[in-house]
Amino acid sequence: MATLTYDFTGRTVIVTGAAQGIGAEMAAFFARAGADVVAVDLDAERLGDVAARAGARMVVGDVSATSTADAAVTAALEATGRVDVLVNNAGILRDNVVWKITDDDWDLVLGVHAGGTFRMTRACTPVFRAQGSGRIVNVTSYTGLHGNVGQANYATAKAGIIGFTKTAAKELARFGVTVNAISPNAATRMVESIPEERRREIELQAPLGRFGEPSEMCAAVGFLASDEAAYITGVVLPVDGGLSM
């Protein structure tokens with residue numbers, strides 16, 4: 001479990017894709033750090049468990065829908081009157097080779113990853129502007145830069161998030177908002193869908209020789225969301241055991 005080094009007391013944090021994996025760990029991390037957490041996910045049952053353990057408020061919905069983004073911000077404002085940190089983590093896989101990807105699977109993956117990141121950011125921006133401050137941390141992927149067989153939709157979405165991160169960083173800087181991303185290599189449910197032989201190949205490519213634990217991503221997100229990172233924006237931070245070197 002990541003060591004707690006940051007104090008987010010009095011801060012309100014929205015985490016999407018919070019029902020499991022990295023998102024669940026981040027919701028718990030920020031809660032332990034004293035933040036008021038709004039946890040967002042489509043999986044109501046798992047999200048309820050995470051919210052109960054973290055003492056977080058929950059918003060059940062699909063982040064590719066504007067209504068969900070608006071509901072998350074409304075929940076935060078009604079509870080605390082502010083939003084300080086947005087973590088765009090929600091994701092989904094619909095893997096297949098290019099010639100077998102359906103329109104629905106293409107649209108779904110881009111809608112959740114890229115569309116969700118955009119809609120959540122758009123919904124939070126008026127609050128950040130009014131406050132004169134804010135932190136956005138997006139979750140992208142090594143695949144977004146290097147591609148991966150069977151994941152053209154996912155790679156496109158994650159590459160898009162990198163471009164979005166850099167553009168939003170330039171646009172929102174004038175309002176005291178930083179926008180950064182992490183590129184994780186963690187043992188999540190998505191990784192479990194990769195064939196075992198391929199998973200082992202990826203492990204061996206990383207100098208540290210393993211996938212990270214979801215909890216190990218929290219320290220990087222916590223840093224980028226902290227006051228100490230006030231002069232960092234538009235950065236994609238690899239948290240991948242050296243895989244991207």
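So, at what angle do H4 and helix H6 pack, and how far apart are their axes? Before I get to that, this is a predicted model, where local features need pLDDT of at least 70, side-chain atom pairs count only at pLDDT 80 or more, and totals for chains, interfaces and linings use all residues. Residues are numbered from 1 along each chain as its sequence is written, and side-chain values use heavy atoms, leaving out hydrogens and water.

Okay, the answer: H4 and H6, residues 152-172, pack at about 15°, with axes 8 Å apart. Axes here are lines fitted to C-alpha atoms, for helices over the stretch in contact, and angles run from 0 to 180 degrees between N-to-C directions. H4 and H6 are therefore roughly parallel, a label for angles under 35 degrees. Their crossing is right-handed, meaning the near helix is turned clockwise from the far one by less than a right angle. In contact there (heavy atoms within 4.5 Å) are, among others, Trp106, His113 and Phe118 of H4 and Tyr154, Lys158 and Phe164 of H6.

Now H4 itself. Helices are DSSP runs of H or I, at least four residues, numbered from the N terminus. Just after H4, glycine 132 has a positive phi of about 75°.

H4 has another partner, helix H3, residues 66-80, packing at about 35° with axes 8 Å apart. That crossing is right-handed too. Among the residues meeting are Val73 and Leu77 in H3, and Met120 and Val127 in H4.

How values were computed:
Helix = DSSP H or I, 4+ residues; strand = E, 2+ residues; numbered from the N terminus. Parallel < 35°, antiparallel > 145°, perpendicular 65-115°, else oblique.
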